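Trainee: I am new to this structure. Could you take me through it step by step?
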Amino acid sequence: DASLGTNGPDLSLENGNVLVRSLSVKSSDPSETVLTLSFLSVKLVQASLGKKLLHLALVKTSDGSLLARQNQDGTINLLSLLKLPANSLVAPPAAGASQAPWTIMVDEIAVDRYNVALEDKKPPKPAKFNLTGISFDAKNFSTVSNAPLAVDVAMGLNEAGRFTARGAVRLQPPSADLVVDVTGMDLRPLQPYVEQQVKLAVGGGLFTVRGHASYNSEKGAPMAAFEGDFGLTNFT
C-alpha cells in the first residue's frame with residue numbers, strides 16, 4: 001500500500017519474501033572474492049514507512065564465505081569497499097520532521113555452513129585464522145522490548161579446534177550469559193602476536209576451556225565473570 005498525504009509519503013509492505021542465490025562480491029582485485037553466499041531468504045511480516053516499523057519473521061542464509069583482513073596501515077578491507085558520502089553531502093532533517101527511531105524486530109536469524117578467513121597483516125609476520133562450518137541461530141531480536149536474545153553459535157577453529165556458545169544476550173544495557181566450550185584450539189597461529197612480546201616460539205599446544213561466562217554493564221554488577229576449567233596440552 002502506498003499513499004501521499006498531508007504528513008508525507010507512506011508505504012507499507014506485508015507478507016513479503018526475498019530470495020537471493022549464488023551471490024559473489026569481489027574487491028578491486030578481480031582475483032579476490034570477499035563474500036559468497038549460496039542462499040539467502042528473508043521473510044517479511046510487515047514494513048511500514050509511516051510507523052517506522054520493520055518486522056521480519058526469518059532471515060536465513062547458508063553455504064557462504066567471508067574474507068576479513070586488517071591491512072598493515074590498520075584499515076579493514078571490508079570497510080574500504082564502502083564509499084560513504086562526505087558529511088557536507090548529507091542533507092539535514094527537515095524542520096519539524098519526526099526523529100522517532102525505527103522499530104526493528106526479527107523473530108529468527110539462522111546462519112548455516114559459513115566459512116570466515118581472518119587475516120591480520122599489521123604484525124611483522126602476518127597472522128591467519130580460519131573459522132569453518134559456522135552455524136548461528138538467534139531468536140526474538142527486538143529494538144523495543146529489550147528482551148534477552150537467545151543465541152546458539154558453533155564453529156570450527158583452524159584445522160581441529162571447535163567453539164560453541166549457547167545462552168542469552170541483551171543489547172541494552174549490554175549483557176550476556178553463555179555456556180562456552182572451546183576444544184582443541186591450536187596455539188601456533190598466535191605466534192605473530194607472541195613474538196612481538198617475548199623472544200619465544202610456540203611449537204605446539206592445544207587450548208581448551210569449558211564453563212559459564214557472563215557479562216553485565218549495569219552499575220554495581222561485576223563486569224565479567226567466568227566459572228569453569230582451562231586446559232593446555234602438548235605445549236612447547
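Mentor: Start with the loop between helix H1 (77-80) and strand S5 (103-120), the place of Trp-102. Helices (H or I, at least four residues) and strands (E, at least two) are DSSP runs, numbered from the N terminus. This is a predicted model, where local features need pLDDT of at least 70, side-chain atom pairs count only at pLDDT 80 or more, and totals for chains, interfaces and linings use all residues. Residues are numbered from 1 along each chain as its sequence is written, and side-chain values use heavy atoms, with hydrogens and water left out.

Trainee: What is the relative accessible area of Trp-102?
Mentor: Buried means under 20% relative accessible area, exposed over 50%, and partly exposed in between (1.4 Å probe, protein chains only). Trp-102 counts as partly exposed, because its relative accessible area is 41%.

Trainee: How many residues does the hairpin use to join S1 to S2?
Mentor: S1 and S2 run antiparallel, joined by four bridges. Ser-3 stands opposite Asp-10 in S2. The hairpin from S1 to S2 goes through two residues.

Trainee: Which residue in S3 is the bridge partner of Ser-12?
Mentor: Strand S2 (residues 8-26) pairs with strand S3 (residues 33-48) in the antiparallel sense, over 13 bridges. In S3, the partner of Ser-12 is Ser-48.

Trainee: Is Ser-48 buried or exposed?
Mentor: Ser-48 lies in strand S3. Its relative accessibility is 4%, so Ser-48 counts as buried.

Trainee: Which residue has its backbone nitrogen 3.1 Å from a polar atom of the Ser-48 side chain?
Mentor: Here the side chain of Ser-48 supplies the polar atom. The backbone nitrogen, 3.1 Å away, belongs to Lys-51.

Trainee: Which residue in S9 stands opposite Val-169?
Mentor: Strand S8 (residues 161-170) and strand S9 (residues 175-186) run antiparallel, with nine bridges. A hairpin of four residues joins S8 to S9. Opposite Val-169 stands Ala-176.

Trainee: Which residue in S10 stands opposite Asp-181?
Mentor: S9 also pairs with strand S10 (residues 206-216), in the antiparallel sense over 10 bridges. Opposite Asp-181 stands Arg-210.

How values were computed
Pairing = 2+ DSSP bridges. Polar contact = N/O pair within 3.5 Å; in protein donor to acceptor, adjacent residues only side chain to side chain.
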